[in-house]
Amino acid sequence: MQPQTIERHTISVLVDNEAGVLARVIGLFSGRGYNIESLTVAEVDATEHLSRITIVTSGTAMIIEQIKNQLNRLVPVHTVNDLTIEGPHVARELALIKVKSTGERRVESLRIADIFRARVVDATNDSFVFEMTGSTEKLSAFINLMKPLGLVDVSRTGVVAIARGAEAL
Amino acid sequence: MANEEMNGAQMVIRALVDQGVDVIFGYPGGAVLPIYDELFKQNALRHVLVRHEQGAVHAAEGYARSTGKVGAVLVTSGPGATNMVTPLTDALMDSIPIVCLTGQVPTHLIGNDAFQEADTVGITRPCTKHNYLVKSIGELPRIMHEAFYVARSGRPGPVVVDLPKDVQQAKGTYSNGVTAKHRSYNPQMKGDIRAIEQALDLIAKAERPLFYCGGGIINSGPTASKLLKQFVNLTGFPITLTLMGLGAFPASDKQFLGMLGMHGMYESNHAMHDCDVMINIGARFDDRITGRLAAFSPNSKKIHVDIDPSSINKNVRVDVPIVGDAAHVLEDMIRLWKAKQIRPNQKALDAWWKQIEGWRARDCLKYRPSDSVIKPQYALQRLFHAIKDKDFYITTEVGQHQMWAAQFLRFEKPNHWMTSGGLGTMGYGFPAAIGVQMAHPESLVIDVAGEASFLMNMQEMSTAMQYKLPVKVFILNNQWMGMVRQWQELLHGERYSESYMESLPDFEKLADAFGFVGLRADKPSEVDDVIKEMIAVKQPVLVDMRVDKTENCFPMIPSGSAHNEMLLGPDDVAKPVSEEGMVLV
């Protein structure tokens, strides 16, 4: 075991959907100097008032363990699952990508979007907005390809993830 | 008497009483007037008016630490709440259970920059275990009871309940809603039995074992201290305690090596460095304990029992982690130890004790006595001599005097030593002493203080007078911020930047002005008489003990050094501190 190796982990946190809960989680990360690579949050159970926060973070094995223990001890936190070590999981991100171009570059952007299975959700005579879902790497690859073709704006959701198989977290 | 109609302020008082609170420390203001009005109309709950909100939480900490109960505080919005930040952080760092009620502007004004409005839950979020803003009367009873549950459960800590004024005045239904199980917060009390067995295997084979225990034992309750003594005596192993743990194991027991850490005992620190099995129960590998991490107890297998999983593997990687309450785990350990009829390796243990006795023989607390000036160590030795057979409680401020008090005063029982360990809050000890005295009116309560720390919360002298609390303030007055001066001498080329306390008050006259009895000693020959009088007077006393201005606190592990690189005294100061060490505080 090399304790100094930096690992990236996707952590799924089930919390009470109450005022300030996100501030508690973010404050924990900033106060203790942990990284947040992405963070998503939304209510997942309206009757029980539960939200799921998905955090992608990085650190040494010791830091990752700390992060999970620190999250677990927050009062409104119900469960903390480290999807990276608990077995196979699916992680997806959604992006909206605006490209402004005309002529050959416009056609090229559409052709690449087709290869990446991005959908056009808005179009004008000199622009497209593509919608795309996939892994973080796939989204980044597409966005890089759009740069020379007139990329003007990107909006990404951050990662949401869930374990594979029939088991619930 | 399940459900009753009442207003929010009445509910607050009712919930406090139902939670067993008998004393609340506080300071009124606009946003809590409805609660103060209800306080006025009842007799079940006693209110202690402090003179600065900071003093309220420190007093509640003293009360909580000396009784094992939750300390309660009531202050107003805005400045009342912002003055809570330091003592709440103090309580968080030292795991002291506190429920702090803060007034808030009415809900419809929140966010409008109203008069005396502050984002209390935002400001106190990082310095509390948990906090609540009560937005409607319907959730008030649940939150009040939950606040006490959270404050005292698991690793204890401070909880803030922010109470908008309109909620205090709204009518609603009160229920004594002590629910069976919390929705999400249910700390693990019992340790994993396989891990405990693994720990016992290590303990059984140990040749140079050491118990290293801390405040977790005290927070667990008196049973944990009893079980600890039983288990330590069963094994015959040596034990050292942290600053927060003093009293968890009787100081007079032969197996006790004394406190460890930066100003801990030579024998404790060397035993930590050389041990082969370390049994940590309720201590958190604080940097004041470990010294240089890379050189910390390099050859030991480490067992760590802690109720807070986030304390395990935070600073030091351990071999056998056990999450659980100290008393529960100790109970299991003793039971299994007896069932398995474990016998320690007595031959190895004898050799280990022989080595420890060798370290003990260095007599690391010795100092150069003087006939002309009062040595602070001498003053504390004489103090201890005078109080040791009495029912005494000690609080301290922060600095040299605190370390000397930890070294020279000895505690046989838990809950008798109150000090600011984690945060190191100057000004803690005096209000804490007031809280202790409120809880133990007949006991001898002494705040061992430095003159600089005492000045930080001396306004509480009025509080002591108002409630006729005969607290004793024992100032070791060296006219310096002693610990700052010591570091400047040892680490910063004797450049004494801003550490000299000029224009000190005449403490005897100060005592007089507030109605305290003022006493002063200038010569060693006067020390005993002053202490005797301080104890005899049944009133608050302020003692101005004029001690040696240049005395340094030894032994000492310099910043960035290892346990076996201790300085024993002034003649030992040779090696300059490394660059790495200079960065550390």
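## Close-up views of a predicted model

**Figure 1. E494(B), a residue in a loop of chain B.** Because E494(B) has 9 other C-beta atoms within 10 Å, a value that falls under the limit of 12 or fewer, this residue counts as exposed. The whole model is predicted, and this view should be read with that in mind. E494(B) sits in the loop that connects α21 with α22 (507-514) of chain B. The phi angle of E494(B) is near 60°, which is a positive value in a residue other than glycine. As a rule, most residues other than glycine have a negative phi.

**Figure 2. S503(B), in the loop between α21 and α22 of chain B.** The phi angle of S503(B) is about 55°, and this value is positive although the residue is not a glycine. Is S503(B) buried or exposed? Since S503(B) has 4 C-beta neighbours inside 10 Å, it counts as exposed.

**Figure 3. The peptide bond between F554(B) and P555(B).** Most peptide bonds are trans. The bond that runs from F554(B) to P555(B) is cis, and its omega angle is near -5°. P555(B) belongs to the loop that lies between β20 (541-546) and α24 (579-583) of chain B.

Figure 4. The buried residues are Q400(B), H401(B), Q402(B), M403(B), W404(B), A405(B), A406(B) and Q407(B). What do these buried residues of α17(B) pack against? In chain B they pack against the strands β11 (256-259), β15 (392-396), β17 (444-450) and β18 (472-477), and also against the helices α16 and α21 (482-491).

**Figure 5. The packing of α16(B) with α17(B).** Two packed helices are described by the angle between their axes and the distance between the axes. For α16(B) and α17(B), the axes cross at roughly 45° and come within 10 Å. The two helices, α16(B) and α17(B), are therefore oblique to each other. The crossing in which α16(B) passes α17(B) is right-handed. On the side of α16(B), the contact is made by P376(B), Q377(B), L380(B), Q381(B) and F384(B), while α17(B) brings H401(B), W404(B), A405(B) and F408(B). Sorted by class, the residues of this contact are six nonpolar and three polar, with no charged residue.

**Figure 6. The packing of α16(B) with α23(B).** Helix α16 (residues 376-387) of chain B also packs with helix α23 (residues 524-536) of chain B, at an angle of about 40° and with the axes 10 Å apart. Which residues make the contact between α16(B) and α23(B)? They are Y378(B), A379(B), R382(B), L383(B), A386(B) and I387(B) of α16(B), together with P524(B), V527(B), D528(B), I531(B), K532(B) and I535(B) of α23(B). Nine residues of this contact are nonpolar and three are charged, whereas none is polar.

**Figure 7. The two domains of chain A.** Chain A contains four helices and nine strands, and these elements follow one another from the N terminus in the order β-α-β-β-α-β-β-α-β-β-α-β-β. Chain A is divided into domain 1, which covers residues 7-82, and domain 2, which covers residues 90-162. The centres of the two domains, taken over C-alpha atoms, are separated by 29 Å. In the contact between them, domain 1 takes part with seven residues and domain 2 with six residues. On the side of domain 1 that touches domain 2, at least two residues come from each of the strands β1 (7-16), β2 (38-45) and β3 (50-59) of chain A. Of these, β2(A) gives the most, with three residues. That side of domain 1 has two nonpolar and five polar residues, and no charged ones.

**Figure 8. The interface of chain A with chain B.** In this contact, 18 residues of chain A meet 15 residues of chain B. The elements α1 (21-31), α2 (61-72) and β4 (77-82) of chain A each supply at least two residues of the side that touches chain B. The largest share of that side, six residues, comes from α2(A). Divided by class, the side of chain A that touches chain B has six nonpolar, eight polar and four charged residues.

Conventions. Residues numbered from 1 in each chain as written. Chains lettered and ligands numbered in written order. Predicted model: local features only at pLDDT ≥ 70, side-chain atom pairs only at ≥ 80, totals over all residues. Domains from an automatic or database assignment. Contact = placed C-beta atoms within 7 Å. Nonpolar A, V, L, I, M, F, W, Y, C, P; charged D, E, K, R; others polar. Axes fitted to C-alpha atoms, helices over the stretch in contact; angles between N-to-C directions. Buried ≥ 20, exposed ≤ 12 C-beta atoms within 10 Å, placed from the backbone. Parallel < 35°, antiparallel > 145°, perpendicular 65-115°, else oblique. Left-handed = near helix turned anticlockwise from the far one by under 90°.
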